[in-house]
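I opened the notebook to record what I looked up in this model. The entries follow the order in which I checked things.

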Amino acid sequence: MSNHLENNNQYVIFKLENEFYGIPINYVETIEKVLELTRVPNTPDYVKGVINLRGVVVPVVDLRQRFNLKTKAIADESRIIILSIEEVVVGLLVDNSSEVITIMEEAIDSTSNLVNSFEDDYIKGIGKVDDRMIIIVDIPKILGIAMES
Amino acid sequence: MDMSQYLDIFIEESKEHLQNMNQTLLQLEQSPEELSLLNEIFRIAHTLKGMSSTMGFTNIAHLTHEMENQLHAIRSGELKINTKIIDILFTCFDQLDKYIGQVEMNGSEGDMISGELIKQLEALQATANNTPSPVAGDDITINPQLNIQLNEYVHNVLRKAAAEDLNTYMVKITLDAKCMLKSARAYIIINTLERLSEIIHSNPSIEDIEDEKFEHSFELVVVAKSDKRILEKELNAISEIESIEIVDLKANDITIEKSEDESITLMETEDEHQQTSANQNENRSKKGKTGKTVRVDIDRLDNLMNLVSELIIIKTRLEDIDGSNSNHNNMHEAIEYMERITTSLHDAVMKVRMVPIERVFNRFPRMVRDLSRDLGKEITLFMSGEETEVDRTVIDEIGDPLIHLIRNSIDHGIEDPETRARSNKAKNGTVRLVAYPDGNSVVIEVEDDGKGIDIEKVKNKGLERGIITPAQGQSMDDNEIIQLLFHPGFSTADKISDISGRGVGLDVVKTKIESLGGVVEVDTRSGRGSKFIIRLPLTLAIIQALLVNIGAEKYAIPLNNIKEITTIEANTIRRVQNNEVVLYRNATLPIMRLSNLLNVQTDETLDTEEYIVVIVKKGDKTAGLIVDHLIGQQEIVIKSLGKFLSNIKAIAGATILGNGSVALIVDTNSFF
């Protein structure tokens, strides 16, 4: 899979607060408008609930809460990015998502020498495209799945 | 050639064949004289041999080949069936079963070599060959390959020949190893024989002999007026022949005729059978590769197809209504129609998932046979209702609990023959395995006519193990005591036997069955036997549930966990050590607020005088759950929450409601 990722430098870009973030496109299944959410008790705060995605029940993670940003009401442009990693299907609730861009490997800086406002564990690197800064997130780490499998 | 695409079919088919073989072996043990059973096993071994060598599984092919040889020897009367042979056949079966298991696990048969087994088979063969056959002369042995090659035509001729007082011989010619022109030499021999007799059969065929497609020897069956000495003399005149064997065929006409005729008719019907199953295979292979397969009756698929086409028709109809100046009635009618179709569709899809329970039951006769032997008990297993259909998922899960219950019955339930005789019971113990559909569930019963459950013993054990206190023991009725059997860490067996001391107790059986949404009941009469009754839902994917409101949220409570629904007055609730209880029907009932358990934000200021309480049960325990509103009973489809949210406390899964929203299913078992 990692090999495949290297060959494909496309990222789905989404927005939280004023920052732009990127997820490798291989993880992304679809991007949905926000559907009716059902809260699930006894789960971490950042699990926003579950949605009915065409007959399949999919859990949704509120990335704002995951990143310890202040919560914000769901708006028209809010989106749920449906990811599929290692047979785990999860939705990410984000403020906005509307583009896919290519970021070359060499345009991504590692984060080891950067200071972040939140746990840098979730950041794989910072990509620079034109004048924009795009935070590449480590999806398996956020969801706590990759290491187990 | 890449055979891997056929692997699934191979496994499926082999399993079916093995199952047949198992059954037939068991029957054969009961009636060893039955030739048709032998033929059946032979046929299966043969089919397996063919299949496995096509797939390149040489070990399987080798073993089945040896089995075939042995079976053949039995068929031709050279070997007498005895328990030893049947045991060896059973071990062969086990070995084959293991091979197929290997193939299923990792796609190859593994390197298990059944050398020992093959040796045993060969040893049997040898003894067969050494026993002087009554027909053959001292120095001549009948090639076991002979009989199988004879076809109906040959028999007719042989019979006629016998009637007309002609001699029939089997001539085996072995050419000199240095012979240069084998086919030419053979031609001379055949010519010579044709002058003196009529050749009715040859192995290999005449064409093959002419094409030199044989090693150094060939066999001919001839009918001749003259004596065999004359034939021998004539043949001896030909050079480059190493040996000539001429065997009188007349004497064993009868046996051959009988077996062959039967096997021929059998083969014919089997051929048809194979053709139909080949057709099925085609259908199946088109479905492509799948992990778990279900064989579906074509009628059921047709039914599904019909329903789907009706659904499409109704869809178009609805579209039309939308476009034209529709009247309300049309719409209504269409929706009603659609409702009917979806209900039937649901039914049809459920049926596709159903598999006869036979699949599970099939392995039990063998198990009972082995167990009764090991234990020195005589046990007959009666099975009925094998055709009862249950969900595929249940089939996969129910095997182990049933094995355990049957083992239990045989080990603990049924007494040894002497004890039985003393208590005026038939020497033969009986285990009954019965399945039948009952409304929306399937019932499986395991019943024995053994000594029954010793209530006192169970009670004492319970006390001994500290599962119950002496005071509890006093007040418990028989039924409650029997329930102790299902308590983890309970075993009444004084000595742990190989059979039931395998670390699985009845508690495991119970847990398993409960996880399938079922229940186990016990019925026992001292000295008369006991009966375990398993009740399982027909399908796991769809259940009846009660929908309730808690705050603004909707939850589903599985109906089979609910004992009753009632209302209680707020002021009757008492607090005992921080837990709320209420006296209900003269018993204390713990009360839980679902809004607390599920962290639902509710309007606390709203003070009601009466609460709606759903009383749920787990085994004998009950608890009252306070809910805000009852919405109603509904059939719901259980959906998993996925891997990301597995094992959430108090939640068993989710379902999608009619309006498309998701409601969670409450796991009431987790509240106890």
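What span should the 15 residues of helix α8 (residues 182-196) of chain B have at 1.5 Å a residue, and how far apart are its end C-alpha atoms? I took the expected span as 1.5 Å times one less than the number of residues. That gives 21 Å, and the end C-alpha atoms of α8(B) are 21 Å apart, which agrees.

**Ground rules**

I note that this is a predicted model, in which local features need pLDDT of at least 70, side-chain atom pairs count only at pLDDT 80 or more, and totals for chains, interfaces and linings use all residues. Residues are numbered from 1 along each chain as its sequence is written, and chains are lettered from A and ligands numbered from 1 in the order in which they are written. Helices (H or I, at least four residues) and strands (E, at least two) are DSSP runs, numbered from the N terminus.

**Helix α8 of chain B**

I listed the buried residues of α8(B) and found A186(B), I189(B) and L193(B). Buried means 20 or more other C-beta atoms within 10 Å of the residue's own, exposed means 12 or fewer, and partly exposed lies in between, with C-beta atoms placed from the backbone. Seen down the axis, the buried residues of α8(B) fall within an arc of 60 degrees, so they line one face of the helix. The arc is that of the directions from the helix axis to the C-beta atoms. An α-helix has 3.6 residues a turn, so residues three or four places apart point the same way. On the other side of α8(B), I found N191(B), E194(B) and R195(B) exposed.

I then looked up what covers the buried residues of α8(B). The cover includes the strands β1 (167-175), β2 (197-203) and β3 (217-224) of chain B, along with the helices α9 (206-210) and α10 (228-236) of that chain. Contact here requires C-beta atoms, placed from the backbone, within 7 Å.

**Chain totals**

Chain B has 22 helices and 22 strands. Of its 672 residues, 28% are buried. I read chain A as 3 helices and 11 strands, in the pattern α-β-β-β-β-β-α-β-β-β-β-β-β-α along the sequence. Buried residues make up 35% of the 149 residues in chain A.

For contacts in chain B with a separation of 6 or more, residues 24 or more positions apart account for 68%. In chain A, 51% of the contacts between residues at least 6 apart join residues at least 24 apart.

**Strand pairing in chain B**

I counted two strands as paired if DSSP finds at least two bridges between them. Strands β6 (residues 379-384) and β8 (residues 429-438) of chain B run parallel and are joined by 6 bridges; I379(B) stands opposite G429(B). β8(B) also pairs with β9 (residues 441-448) of chain B, in the antiparallel sense over 8 bridges, with D438(B) opposite S441(B).

Strand β12 (residues 542-550) of chain B has two partners in my notes. With β20 (residues 629-637) of chain B, the pairing is antiparallel over 8 bridges, and A545(B) has Q634(B) as its bridge partner. With β13 (residues 553-558) of chain B, the pairing is antiparallel over 6 bridges, and I550(B) has E553(B) as its bridge partner. β12(B) and β13(B) form a hairpin with 2 residues between them, and G551(B) in the turn has a positive phi of about 60 degrees.

I also followed an open sheet of 6 strands in chain B, in the order β14-β18-β19-β17-β16-β15, with mixed pairing. Its edge strands are β14 (562-569) and β15 (574-576) of chain B, each pairing on one side only. Inside this order, β18 (residues 610-618) and β19 (residues 621-627) of chain B pair in the antiparallel sense over 7 bridges, and I615(B) has G624(B) as its bridge partner.

**T524 of chain B**

Is T524(B) buried or exposed? T524(B), in strand β10 (residues 519-525) of chain B, counts as buried because it has 23 C-beta neighbours inside 10 Å. Leaving aside neighbours within four places in sequence, I found T524(B) in contact with G452(B), I453(B), I482(B) and S530(B). The C-alpha atoms of T524(B) and G452(B) are separated by 5.5 Å, although the two are 72 residues apart along the chain.

**Contact between the chains**

The contact takes 20 residues from chain A and 20 residues from chain B. On the chain A side, β4 (47-53), β5 (56-62) and β7 (88-94) each supply at least two residues, and β4(A) gives the largest share, 4 residues.

How values were computed:
Two residues are in contact if their C-beta atoms, placed from the backbone, lie within 7 Å.
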